[in-house]
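Biologist: I have a model open on my screen and would like to learn how to read it. Could you walk me through it, feature by feature?

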Amino acid sequence: MASPGTGARCPLLEQRARWERKRACTARELLETERRYQEQLGLVDTYFLGILKAKGTLPPPERQALFGCWELIYGASLELLPYLEGGHWGQGLEGFCLHLELYTQFAANAERSQTTLREQLKKNKRFRKFVKLQEGRPQFGGLQLQDLLLLPLQRLHQYENLVIALAENTGPNSPDHQQLTRRWFLRQGWLLVVPPTGEPRPRMFFLFSDVLLMAKPRPSLHLLKSGTFACRALYPMAQCLLCRVFGHSGGPCGGLLSLSFPREKLLLMSTDQEELSHWYQSLALAISSQKN
């Protein structure tokens, strides 16, 4: 009679090993890309922001419009990296959630930033010469300022993908599990809200693991908060029923999602079907995380 030997397979152990390999690979990628991201933030802070402040090449209002909350975002990365280097993924990312509002502000200011850059390069000769000189530094690897200003938004999407992958491959018995699956930012972007009557209205949405936030841009002439968003509604994901109304076929016409809550139904539309599919997956993940 055969007895279990060293060659016996255990599907559960094999699955756990696969999860651990994926988790280790994702954690390594998160750490390595955060180091590079922090280095790039620091280079812009030193060679653009720091020198512009010292020389006065750009007036403070234009400098603020161009770089927004760059220094605070750099500071948030400086706080996060030691946790990642120490392997404290859950603790570090949970604390980093407190700084996500900075990325919201930065995203809201992105169009204004690019407009300011174009205007200053056109009319400010000193600034134009300064930017060309700094862009030529080998540390920037040929990237122009307009590319560098997009780094935080690009990193935000990387955070989204990497943290979701890290959470999916972290077992429930891990000390990091609760922190990684708690109120984490999943996605942001513009969607069209389809009302019962009238035309669809564009709104900015911010999806966390426990709530969906709908926001509206504040007026550009607002004295203190121009370029930011005002919250219009919060929807708890634990009470959400999600349905894809149309947009299953992969065609070019976009699609429509239905989100039902106890007292309200939300219809969200996008003309980009791939983008809508990403939203559907992120929403489904958020709902699932609240039910586990």
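Biologist: How many bridges join strand β1 to strand β7, and which way do the two run?

Modeller: Strands of a sheet pair through backbone hydrogen bonds, either parallel or antiparallel. Here β1 (residues 185–193) and β7 (residues 264–270) run antiparallel and are joined by two bridges. Strands are DSSP runs of E with at least two residues, helices are runs of H or I with at least four, and both are numbered from the N terminus. Two strands pair if DSSP finds at least two bridges between them. As an example to click on, L192 stands opposite M269 in β7.

A word on the source: this is a predicted model, in which local features need pLDDT of at least 70 and side-chain atom pairs count only at pLDDT 80 or more, while totals for chains, interfaces and linings use all residues. Residues are numbered from 1 along each chain as its sequence is written, and side-chain values use heavy atoms, with hydrogens and water left out.

Biologist: What is the order of the strands in the open sheet?

Modeller: The seven strands follow the order β4-β3-β2-β1-β7-β6-β5, with antiparallel pairing. Strands β4 (229–236) and β5 (241–246) are at the edges with a single partner strand each, so one side of each has no neighbour in the sheet.

Biologist: Is α5 largely enclosed or exposed, and why?

Modeller: Start with the cut-offs: buried means under 20% relative accessible area, exposed means over 50%, and partly exposed is in between, using a 1.4 Å probe and protein chains only. In α5, seven of the nine residues are buried, so the rest of the structure largely encloses this helix. Among them are L100, Y103 and F106.

Biologist: Where does N109 lie?

Modeller: N109 is in the loop between α5 (100–108) and α6 (110–123). With 8% relative accessibility, N109 counts as buried. Its side chain reaches the backbone oxygen of A65 at 3.0 Å.

Biologist: Which residues have the most contacts inside the largest nonpolar core?

Modeller: A nonpolar core is a set of buried Ala, Val, Leu, Ile, Met, Phe, Trp, Tyr and Cys residues joined through side-chain atoms within 4.5 Å. The largest one has 57 residues, and F48, F67, W70, F127 and L145 have the most contacts inside it. Helix α1 (residues 11–55) gives the most to this core, with 11 residues. A second, separate core has 22 residues, including C240 and L268.

Definitions and conventions
Polar contact = N/O pair within 3.5 Å; in protein donor to acceptor, adjacent residues only side chain to side chain.
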